[in-house]
Amino acid sequence: MQVDVLAADDLKKTAPVFGQLSFDNHEQVVFCNDKDTGLKAIIGIHNTVLGPALGGTRMWNYNSEWDALNDALRLSRGMTFKSAITGLNLGGGKAVIIGDAKTQKTPELMRKFGEFVHSLSGKYITAEDVGMDTEDMDIVREVTPYVTGISESKGGAGNPSPITAYGVFMGMKAAAKYKFGSDDLDGKKVLVQGIGHVGEALVEHLTNEGAIVFISDINPSRLEEVSAKYGVTIYTEDPYDAEVDIYAPCALGATINNETIHRIKAKVIAGAANNQLQNENTHGLLLQERGIVYAPDFLINAGGIINVYAELEGYGKQEIIRKTENIYNTTLEILKTAEAQAITTHHAALKIAQQRIDDRKRENLN
């Protein structure tokens with residue numbers, strides 16, 4: 001029997017959404033367009049078994065609509081497992097707005113985006129992400145209640161970035177405990193790639209603990225600012241060649257790929273970026289074979305969603321911190337489970353998250 005195999009470019013033409021490699025039985029994909037404001041956005045709703053799909057909105061100047069769709073699909077899927085493994089009653093969703101956040105973002109555009117979010121009647125709840133901040137969410141809140149991460153002065157939990165960074169720090173300490181026998185990062189060399197709001201907050205935690213921190217970013221002025229503020233070293237070479245103990249990717253995803261994975265010298269990878277593995281199976285296995293401990297991104301960067309979930313559940317800062325600190329215990333559990341079952345850490349985390357979703361699906365059927 002002959003099977004016709006379509007080339008990638010042909011697949012894009014015949015199945016531009018369902019043919020996406022990142023499409024994973026998503027429940028809904030919404031394309032948003034408004035001529036007057038210039039809004040072009042995509043909302044990906046991956047799974048709502050555990051609850052409404054909550055996930056931030058990213059504004060990025062994508063090279064193509066195909067890239068934007070791929071990002072929305074990958075990110076929304078990641079949010080499903082992030083909420084599941086953290087024990088939150090939320091599904092997975094994410095939105096991307098195509099454009100330059102520095103020059104094209106306007107209050108009118110944000111309100112129009114909020115109207116599209118509102119049209120989904122709470123199936124998707126938005127929040128901030130790359131290219132967005134708390135003030136943007138405050139504007140979205142003017143037209144829809146289905147938004148989190150709004151200002152504390154308006155009754156929200158505020159900027160989730162510091163909590164995200166704290167969760168990454170907890171996950172990093174757990175990975176260090178597993179790999180080096182101690183979670184004390186004093187004297188450990190750590191490279192933080194990407195020093196936005198989360199990256200900078202992580203740098204602060206690391207320097208406070210005595211780690212030797214190197215920073216890398218595409219923004220030279222930002223590098224100088226953070227270097228001067230925390231007394232850390234700007235890494236001017238390719239970050240994948242750095243002789244460090246821990247690599248912390250905190251920018252965009254897929255930095256662990258065919259070109260970089262054999263160059264990474266770090267013994268631990270623990271960062272805030274989503275979808276760090278370009279290919280979950282291939283690159284997760286390669287890291288395992290090389291003896292590099294990978295702290296699954298969708299687990300250790302869950303502090304942000306824990307923070308905004310507080311707005312829906314009504315718990316305070318103390319409970320936010322408690323839930324975020326528990327990332328340490330969950331990370332250790334997953335690293336030990338992966339070793340015991342001879343599977344990758346990413347697979348181990350995915351199994352636990354998927355099991356919770358499957359259990360809830362069965363409950364809903366009964």
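Predicted model: local features only at pLDDT ≥ 70, side-chain atom pairs only at ≥ 80, totals over all residues.

Two packed helices are described by the angle between their axes and the distance between the axes. Helix 5 (residues 161-180) packs against helix 11 (residues 317-341) at an angle of about 35 degrees, with the axes 8 Å apart, and this crossing is right-handed. Among the residues that meet there are Met 170 and Tyr 178 in helix 5, and Ile 320, Thr 324 and Ile 327 in helix 11. The residues of this contact of helix 5 with helix 11 divide into 12 nonpolar, four polar and five charged.

Helix 11 also packs with helix 10 (residues 303-313), at an angle of about 155 degrees and with axes 9 Å apart. Because angles over 145 degrees count as roughly antiparallel, helix 10 and helix 11 are roughly antiparallel to each other.

| Pair | Closest N and O atoms |
|---|---|
| Asp 129 and Lys 94 | 2.9 Å |
| Arg 222 and Glu 225 | 3.4 Å |
| Arg 360 and Glu 363 | 3.6 Å |

Arg 360 and Glu 363 lie three residues apart in helix 12 (residues 345-365), about one turn of the helix. Salt bridges that share partners join Arg 58, Asp 71, Lys 94 and Asp 129 into one network.

Terms used
Residues numbered from 1 in each chain as written. Heavy atoms only, no water. Axes fitted to C-alpha atoms, helices over the stretch in contact; angles between N-to-C directions. Helix = DSSP H or I, 4+ residues; strand = E, 2+ residues; numbered from the N terminus. Left-handed = near helix turned anticlockwise from the far one by under 90°. Contact = heavy atoms within 4.5 Å. Nonpolar A, V, L, I, M, F, W, Y, C, P; charged D, E, K, R; others polar. Parallel < 35°, antiparallel > 145°, perpendicular 65-115°, else oblique. Salt bridge = Lys/Arg side-chain N within 4 Å of Asp/Glu carboxyl O.
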